[in-house]
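Please go through this structure by way of questions and answers on its fold, packing and local geometry.

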Amino acid sequence: MIRRLVVAGLLLAGVLSAQDKSKKRETYDFQPLMTQVWEAWSTLNPDNAARFYSKDAQRTFFDLSPMKYTGWTEYAAGVKKVFADYSSAKFTLTGTSHVAQRPTIAWATATGHGTLTKKTGAKDDLDFRWTVLWEKSGDDWLIVHEHVSVPMAAPRPAVVPPVTTAKPATAPKK
């Protein structure tokens, strides 16, 4: 009797395990999507990036300047003002990206480099960090939160006064 229960339990465990393995999680390749997002921002026109973003008015997006936007409408309007002094830009992802995905949500971290050319011809170069959260909406993955930041400049080394050595005291001459 016990042997039959053990065998039945093992068979049941095997069947359940086989069913679990047959349910492969569908994964999406986010790398091309990440590149497309930054190519859209390289046009300096938020309308070109709009298709990648959730339009929910309560979404929060952290950018370089100003620090925070609430909703896509505010984000697009604010970025237009920031980009007003520039004639061109090129943003590229550099280094290693990391993406984690669940059935309807995904998040990623990446680093990148941007070169922005001002209308005066001067160039601004920056390295940036990007953290992004996507949510699946129908067949699309939309950005529901984003955080873009730049590393702080390294502090200047402290000025160290020159080292002076005291002259050894000498005994008075007799």
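The questions below run from the overall fold to single residues.

Q: On what kind of model do the values rest, and from where are residues numbered?
A: The model is predicted, so local features need pLDDT of at least 70 and side-chain atom pairs count only at pLDDT 80 or more, while totals for chains, interfaces and linings use all residues. Side-chain values use heavy atoms, with hydrogens and water left out, and residues are numbered along each chain as its sequence is written, from 1.

Q: In what order do the helices and strands run from the N terminus?
A: The protein has four helices and six strands. Helices (H or I, at least four residues) and strands (E, at least two) are DSSP runs, numbered from the N terminus. The order of the elements is α-α-α-β-β-α-β-β-β-β.

Q: What percentage of the residues is buried?
A: Buried means under 20% relative accessible area, exposed over 50%, and partly exposed in between (1.4 Å probe, protein chains only). Among the 174 residues of the protein, the buried part is 28%.

Q: What share of the contacts with a separation of 6 or more is made by residues 24 or more positions apart?
A: Contact means heavy atoms within 4.5 Å. Of the contacts with a separation of 6 or more, residues 24 or more positions apart account for 49%.

Q: Which residues does Trp 41 contact, leaving aside neighbours within four places in sequence?
A: Trp 41 is one of the residues with the most contacts inside the largest core. Beyond those sequence neighbours, Trp 41 is in contact with Pro 46, Ala 49, Tyr 53, Trp 72, Tyr 75, Val 79, Phe 83 and Phe 91.

Q: How many residues apart are the partners of the stacked pair of Phe 61 and Tyr 75?
A: Rings of Phe, Tyr and Trp (its six-membered ring) pair if their centres lie within 6.5 Å; planes under 30 degrees apart count as stacked, over 60 as edge-to-face and the rest as tilted. The whole structure holds 19 aromatic pairs, and Tyr 53 with Phe 61 is edge-to-face at 5.5 Å centre to centre and 75° between the planes. Phe 61 and Tyr 75 are stacked, at 5.0 Å and 15°, and both are buried. Phe 61 is in strand β1 (residues 60–62) and Tyr 75 in helix α4 (residues 72–83), a separation of 14 residues.

Q: Over the face of which residue does Lys 55 lie?
A: A charge sits over a ring if NZ of Lys or CZ of Arg is within 6 Å of the ring centre and within 35 degrees of the ring normal. At 5.6 Å from the ring centre, Lys 55 lies over the face of Trp 72.

Q: Which element gives the most to the lining of the largest pocket?
A: On a 1 Å grid over the protein atoms alone, a cavity is a set of points where a 1.4 Å probe fits but cannot get out, and a pocket is an open set with protein on both sides within 12 Å along at least five of seven lines; lining residues have an atom within 4 Å of a point. Grid points are joined across faces, edges and corners, and a volume is the space filled by probe spheres set on the points. The largest pocket has a volume of about 280 Å³, and its 18 lining residues include Asp 63 and Leu 64, among the closest to its centre. With four lining residues, the element that gives the most is α4.

Q: Which peptide bond is cis, with omega near -15°?
A: Most peptide bonds are trans. Pro 66 lies in the loop between β1 and β2 (68–70). The cis bond runs from Ser 65 to Pro 66.

Conventions:
A nonpolar core is a set of buried Ala, Val, Leu, Ile, Met, Phe, Trp, Tyr and Cys residues joined through side-chain atoms within 4.5 Å.
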